[in-house]
Amino acid sequence: MDKLIIEGGAPLLGELRVQGAKNAVLPILAAAAMAGGECVIHNCPRLRDVEKTVMILQRLGCGVRREGGTITVDSSALTGCVIDEGLMREMRSSIIFLGAILTACSEAVVGMPGGCPIGLRPIDLHIKALKKMGVSVCEEHGYIKCSCGRIRGCDIHLDFPSVGATENVMLAAVKAEGVTTITNAAREPEIVDLARFLNAMGARVTGAGSSVVVIEGTESLHGAEYSIMPDRIVAQTYLIAALMTGGHIRVSDARPEHMRAALSALSDMGADIREDSGGIDIRSRGRIRSVHIIRTMPYPGFPTDIQSPFMALASVADGTSVFVENIFENRYRHVDELVRMGADIKVEGRSAVVRGVKELYGANVEAYELRGGAALVLAALAANGRSTVTGTEYIDRGYEDIEGCLARCGARIHRVGC
Ligand code: UD1
């Protein structure tokens, strides 16, 4: 297993380009399995989860090739409808394949999903919606077995605006008989990206980005060419890194309209932020101020995925900040590691109180999940002295070449294999 060695204290300076969005590329690759032809997808980040998704597509019988950031998926010979337990366990988002495979094959057998250990992460909303669409579902021996005739369009109300459930219903509905209307749909920008790709494949999806998404079933789909949106969580992580190190960077390709909640909090904390159509500039204006309260919410609220990097930031701010994690119940695993670096954080249930300290110090810490791991890297960049971050396999799920990106802006960071 690799580890990251970080010598803290160097301000980040320069420009970096944000990678394509992990949470957009995964459902879009799954959607490509339904095309019955060739899809050319640009701006695909090099991430472990993307490589796993490619493996799933290959097991299903798709031809897949990667050239640089472009992945070409040929689903004209899709034959399989089974995703084994091993691959499903490694990546929760593989549940998205359920809707796609059902559309392509009318049956699907997938292992129960896994993913980062950040909470229960049930799939009841996915299953309830699919059943309403006429899919018969049985769960046995760690597998979910589904079959259907032609999927039926219908009205689906989600009890919670789940990102994955919204995407799964969209995938199941594109070739369904009749119209599917999802109410209380997730409004994340990645849902919009998926809808655009589906429409490029010949689907008829409207309303994505609002809480009502309407999918009119179509008889056939075809191949398409598409470019994945920039990753808003990665962009925000690098903006925080610049602020924490007293630096000044430009994150090109970042889309400010996708990150209003975080940009507003960063500006409250004292960042000087300039936006234009090509990216975002951030400059530190001295000591960071605490943030009154951060409550994670479904989009356009404050994203759960950037809660832990913000907590690293708040731990060196002037004053006390309060966090309330409303989306995942176990998303504070980074706290003990930040405390090892000198942070003053108390957790009570879903709330955390962070009293800012003058400085963090380098330590040996371990990432237990993706975004919590990124938070540790940020803390180490700002800390006094040397840190070692293990558990890099989690960080690599979502950040392409994190050490290269940061080092190009002056961070003293490198990776060693163990
Ligand atoms: C997606 C993102 C993840 C992000 C999350 C919330 C991908 C690949 N991952 O995950 O990075 O943190 O959105 O923004 O896009 N829930 C249920 N039943 C269900 C489904 C979800 O109770 O059937 C609950 C979950 O336990 C959780 C909440 O709904 O508490 C949000 O989950 P969801 O929006 O589905 O997240 P994911 O799609 O897994």
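## An exposed lysine

At 74% relative accessibility, Lys358 counts as exposed, where exposed means over 50% relative accessible area, buried under 20% and partly exposed in between, with a 1.4 Å probe and protein chains only. Lys358 sits in the loop that links strand S21 (351-355) to strand S22 (364-366). Helices (H or I, at least four residues) and strands (E, at least two) are DSSP runs, numbered from the N terminus. Between Lys358 and His141 there are 52 Å in space, C-alpha to C-alpha, and the two are 217 residues apart in sequence.

Before we go further, a word on the model: it is predicted, local features need pLDDT of at least 70, side-chain atom pairs count only at pLDDT 80 or more, and totals for chains, interfaces and linings use all residues. Residues are numbered from 1 along each chain as its sequence is written, and side-chain values use heavy atoms, with hydrogens and water left out.

Let us turn to helix H7 (189-200). Nine of its twelve residues are buried, so H7 is largely enclosed by the rest of the structure. The buried ones are Pro189, Glu190, Ile191, Val192, Asp193, Leu194, Ala195, Phe197 and Leu198. They pack against helix H1 (22-32), strand S3 (38-42), helix H6 (163-173), strand S12 (204-206), strand S14 (225-227) and H8, with contact meaning heavy atoms within 4.5 Å.

The length of H7 agrees with expectation: at 1.5 Å a residue its twelve residues should span 16 Å, and its end C-alpha atoms are 17 Å apart. The expected span of a helix is 1.5 Å times one less than its number of residues. After H7 comes Gly202, with a positive phi near 105 degrees.

## Backbone exceptions

Most residues other than glycine have a negative phi, and most peptide bonds are trans. Here are some exceptions to look up in the model. Asn184, which is not a glycine, has a positive phi of about 60 degrees. Asn184 belongs to the loop between strand S11 (179-183) and H7, and is partly exposed at a relative accessible area of 26%.

Asp253 is also not a glycine, and its phi is positive at about 75 degrees. The loop that holds Asp253 runs between strand S15 (248-252) and helix H9 (260-268), and Asp253 is partly exposed, with a relative accessible area of 34%. A cis peptide bond, with omega of about 10 degrees, joins Tyr299 and Pro300. Pro300 is part of the loop between strand S18 (293-295) and helix H10 (307-314).

Helix H4 (residues 97-105) is mostly covered, with seven of its nine residues buried. These are Phe97, Leu98, Gly99, Ala100, Ile101, Leu102 and Thr103. Just after H4, Ser106 has a positive phi of about 65 degrees.

Strand S7 (residues 107-111) is mostly covered too, with four of its five residues buried. Strand S6 (residues 82-83) runs parallel to S7 and is joined to it by two bridges; strands pair if DSSP finds at least two bridges between them. Within this pair, Val82 has Val109 of S7 as its bridge partner. S7 also pairs with strand S9 (residues 143-147), in the antiparallel sense and over five bridges. There, Ser147 in S9 stands opposite Glu107.

Helix H8 (232-244) and helix H14 (402-408) each supply at least two residues of the lining.
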